[in-house]
Amino acid sequence: MQGFKRVLAGPWVPADLGKLPYLWAMSLVFLVFKYFYSPVTALELFMLGLSAVLFLPLYLYSFWAGGRRAVLCILAACLFGMLWAPHNNGAGTFFIFAAGMCGRLAPGRNAPRMLAVVLALATATAYLLTGNAPAFMLAPWAVGLSVGVASIMESGLRASRSQLLRKQEEVEHIARIAERERISRDLHDLLGHSLSLIALKAELAGKLAGRDLEACKREIADVETTARRALAEVRTAVTGYRDSGLPGALASARASLAAGGVELREDIQQFALAPAPEHVLALALREAVTNVVRHAGATRCTIGLALEEGSAVLRVLDDGDRLRAGDEVRVGNGLTGMRERAAMVGGQLLVSVDKGLRLELRLPVKDMEGEAA
């Protein structure tokens with residue numbers, strides 16, 4: 001019972017495909033056109049309803065199938081078309097569905113080969129099982145061929161994009177590991193000697209405290225000098241660990257958007273920023289661009305940075321079609337982290353949907369100047 005409830009709850013098709021697959025299912029209405037000009041028997045009406053009930057689960061399942069299971073779905077759709085062909089010219093729509101399912105085999109040569117098989121079966125069905133072959137073949141060849149080619153190309157593009165994102169994630173993961181190892185090595189080299197020297201001098205000062213006060217003071221002074229020198233070295237090293245701020249985030253954004261095939265429009269105003277707020281802006285920009293590339297389905301992204309009424313304002317706007325005007329934006333870890341970081345420096349994050357996702361981050365300049373001081 002729980003498994004049945006999970007099936008009913010969905011999703012019935014992959015989320016990245018949106019709602020279009022459900023609209024495509026309405027193509028089954030072509031089967032009822034015949035009955036606008038000819039009578040329908042109760043048996044035929046029953047068989048039509050039964051076919052729809054059997055075919056729709058097959059159609060939805062095909063979106064999750066691959067390999068041999070996808071081939072079986074395609075052949076089953078063709079079988080529906082063959083069974084209905086002698087009785088209804090609208091049966092050609094089943095071959096259109098079968099042609100669209102060929103995209104499940106992409107990328108690779110099997111997809112176009114299977115599309116050729118579907119069209120061959122449609123042609124054979126038209127000549128062997130119908131009395132008007134040209135009329136029956138119109139739907140499979142005029143529509144099915146276009147749908148099949150488009151489905152194969154779209155599946156290939158989705159696979160390429162998914163592979164590109166996986167490689168990008170692998171590169172980022174390797175870079176993080178390398179950076180952690182570098183930090184570990186540098187901190188060991190910087191602090192290992194200094195802390196060992198401080199420990200030895202502190203131990204020596206303890207031994208001299210009761211018998212040679214002047215020597216003890218000298219050792220304590222050396223401990224202080226060594227500690228300050230170590231602190232200065234750590235600060236210098238940490239400065240090297242920090243990213244290059246907004247310039248580095250912008251460069252990374254350009255590379256990510258270009259790799260994702262998203263056109264970038266920039267309107268960046270140059271002005272001084274304190275380190276902490278600049279870091280907040282850089283992280284927000286990285287998170288926003290990551291959302292555009294991975295989730296928005298956008299073709300164009302606009303990034304703006306300006307000084308407005310005493311605040312630094314970062315705006316990121318995409319034309320993605322995953323959200324519509326008025327939709328509620330789901331708050332995940334990324335947006336939550338941005339809001340928390342903005343609040344730490346007295347800023348505010350605004351997110352809305354207007355022909356895509358619009359993100360606006362405002363940070364007060366006064367706070368920046370105070371922190372810089």
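A residue is buried when its relative accessible area is under 20%. Keep that cut-off in mind for the first stop. The model on screen is predicted.

**Stop 1: helix 5**

Select residues 92-101, which form helix 5. Which residues here are buried? Gly92, Thr93, Phe94, Phe95, Ile96, Phe97, Ala98, Ala99, Gly100 and Met101 are. That is 10 of the 10 residues of helix 5, so this helix is largely enclosed by the rest of the structure.

**Stop 2: the nonpolar cores**

Phe94 leads on to the largest nonpolar core, which has 42 residues. Select Phe55, Tyr59, Ile74, Phe94, Met101, Cys102 and Val118: these touch the most other members. Color the helices next. Helix 3, helix 4, helix 5, helix 6 (110-129) and helix 7 (133-208) each give two or more residues to this core.

A second, separate core has 33 residues. To find it, select Val280, Val292, Cys301 and Ala342, which are among its members.

**Stop 3: helix 3 against helix 4**

Return to two of those helices. Select residues 42-62 for helix 3 and residues 68-84 for helix 4. Their axes come within 10 Å and cross at roughly 165°. An angle over 145 degrees counts as roughly antiparallel, so helix 3 is roughly antiparallel to helix 4. The crossing is left-handed.

Which residues make the contact? On helix 3, show Glu44, Met47, Leu48, Ser51, Leu54, Phe55, Leu58, Tyr61 and Ser62. On helix 4, show Arg69, Cys73, Ala76, Ala77, Phe80 and Trp84. Color this set by type: 11 are nonpolar, 2 polar and 2 charged.

**Stop 4: two loops**

Move to the loop between helix 3 and helix 4, and select Gly67 there. Is Gly67 buried, partly exposed or exposed? It counts as partly exposed, at 42% relative accessibility. Gly67 and Ala111 are 44 residues apart along the chain, yet their C-alpha atoms are separated by 9.9 Å.

Next, go to the loop between helix 5 and helix 6 and select Pro107. A cis peptide bond joins Ala106 and Pro107, with omega at about -5°.

**Stop 5: along helix 7**

Select Ala199, which is found in helix 7. Ala199 counts as partly exposed, at 46% relative accessibility.

**Stop 6**

Select strand 2 (300-308) and strand 3 (311-318), then Glu309 in the loop between them. Glu309 is exposed, with a relative accessible area of 80%. Check its backbone. Phi of Glu309 is near 50°, a positive value in a residue other than glycine.

**Last stop: the whole chain**

Clear the selection and zoom out. How many helices and strands does the protein have? There are 12 helices and 5 strands. Of its 373 residues, 36% count as buried. Take the contacts between residues at least 6 apart in sequence: 69% of them join residues at least 24 apart.

Terms used:
Residues are numbered from 1 along each chain as its sequence is written. This is a predicted model: local features need pLDDT of at least 70, side-chain atom pairs count only at pLDDT 80 or more; totals for chains, interfaces and linings use all residues. Side-chain values use heavy atoms; hydrogens and water are left out. Axes are lines fitted to C-alpha atoms, for helices over the stretch in contact, and angles run from 0 to 180 degrees between N-to-C directions. Helices (H or I, at least four residues) and strands (E, at least two) are DSSP runs, numbered from the N terminus. Angles under 35 degrees count as roughly parallel, over 145 as roughly antiparallel, 65 to 115 as roughly perpendicular and the rest as oblique. A crossing is left-handed if the near helix is turned anticlockwise from the far one by less than a right angle, and right-handed if clockwise. Contact means heavy atoms within 4.5 Å. Ala, Val, Leu, Ile, Met, Phe, Trp, Tyr, Cys and Pro count as nonpolar, Asp, Glu, Lys and Arg as charged, and the others, Gly among them, as polar. A nonpolar core is a set of buried Ala, Val, Leu, Ile, Met, Phe, Trp, Tyr and Cys residues joined through side-chain atoms within 4.5 Å. Buried means under 20% relative accessible area, exposed over 50%, partly exposed in between (1.4 Å probe, protein chains only).
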